[in-house]
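Look at the chain shown here. This report walks through some of its residues, one group at a time.

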Amino acid sequence: MMGICPHCKIELKKPPFNNRETNELLIVMNYRSKLDNKIKIKSIDELGYCEVCNAKIEEIKR
């Protein structure tokens, strides 16, 4: 598998894991469903977290 979130590029198996989804299959399914249904994924800066894996902006920018 890929080992990173396709949207925010955070490594899934490295801490911190605060309410972050780390199951690659669920992340890919969530990401693909948004792409297939032409749902625009909001930017991480706009939301403060990744809409695909729920990683917080502080975790991503480490």
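A contact means heavy atoms within 4.5 Å. With residues up to four places away in sequence left out, Gly48 touches Lys56 and Ile57.

This is a predicted model: local features need pLDDT of at least 70, side-chain atom pairs count only at pLDDT 80 or more, and totals for chains, interfaces and linings use all residues. Residues are numbered from 1 along each chain as its sequence is written, and side-chain values use heavy atoms, with hydrogens and water left out.

**Gly48 and its loop**

Helices (H or I, at least four residues) and strands (E, at least two) are DSSP runs, numbered from the N terminus. Gly48 sits in the loop between α2 (44-47) and α3 (57-60). How far is Gly48 from Met29 in space? The two are 22 Å apart, C-alpha to C-alpha, and 19 residues apart in sequence.

Gly48 has 26% relative accessibility, so it counts as partly exposed.

A disulfide is a pair of cysteine sulfur atoms within 2.5 Å. How many disulfides are there by this rule? The count comes to 0. Cys5 is in no disulfide; its nearest cysteine sulfur belongs to Cys50, 3.7 Å away. Cys5 is buried, because its relative accessible area is 0%. Cys50 is buried because its relative accessibility is 0%.

**Glu59 in helix α3**

Glu59 lies in helix α3. Is Glu59 buried or exposed? Its relative accessibility is 7%, so Glu59 counts as buried. Leaving out residues up to four places away in sequence, Glu59 touches Ile10, Pro16, Asn18 and Arg20.

One partner also makes a polar contact. That term means a pair of N or O atoms within 3.5 Å; within protein, one must be able to donate a hydrogen and the other to accept it, and residues adjacent in sequence count only if both atoms are side-chain atoms. The side chains of Glu59 and Asn18 make such a contact at 3.4 Å.

Pro16, another residue that Glu59 touches, is in the segment before α1. A cis peptide bond joins Pro15 and Pro16, with omega about 0°. Most peptide bonds are trans.

Most residues other than glycine have a negative phi.

| Residue | Phi | Place | Relative accessibility |

**A nonpolar patch**

Leu25, Leu26 and Met29 make a nonpolar surface patch of about 300 Å². Like charges are joined within 9 Å, and nonpolar side chains (Val, Leu, Ile, Met, Phe, Trp, Tyr) within 5 Å. Accessible areas come from the Shrake-Rupley method with a 1.4 Å probe; for residues, only the protein chains shown count as cover. Leu26 is found in helix α1 (residues 24-36). At 42% relative accessibility, Leu26 is partly exposed.

Conventions:
Buried < 20%, exposed > 50% of the residue type's maximum accessible area, 1.4 Å probe, protein only. Patch = residues over 30% accessible without salt bridge, like charges linked within 9 Å, V, L, I, M, F, W, Y side chains within 5 Å. Salt bridge = Lys/Arg side-chain N within 4 Å of Asp/Glu carboxyl O.
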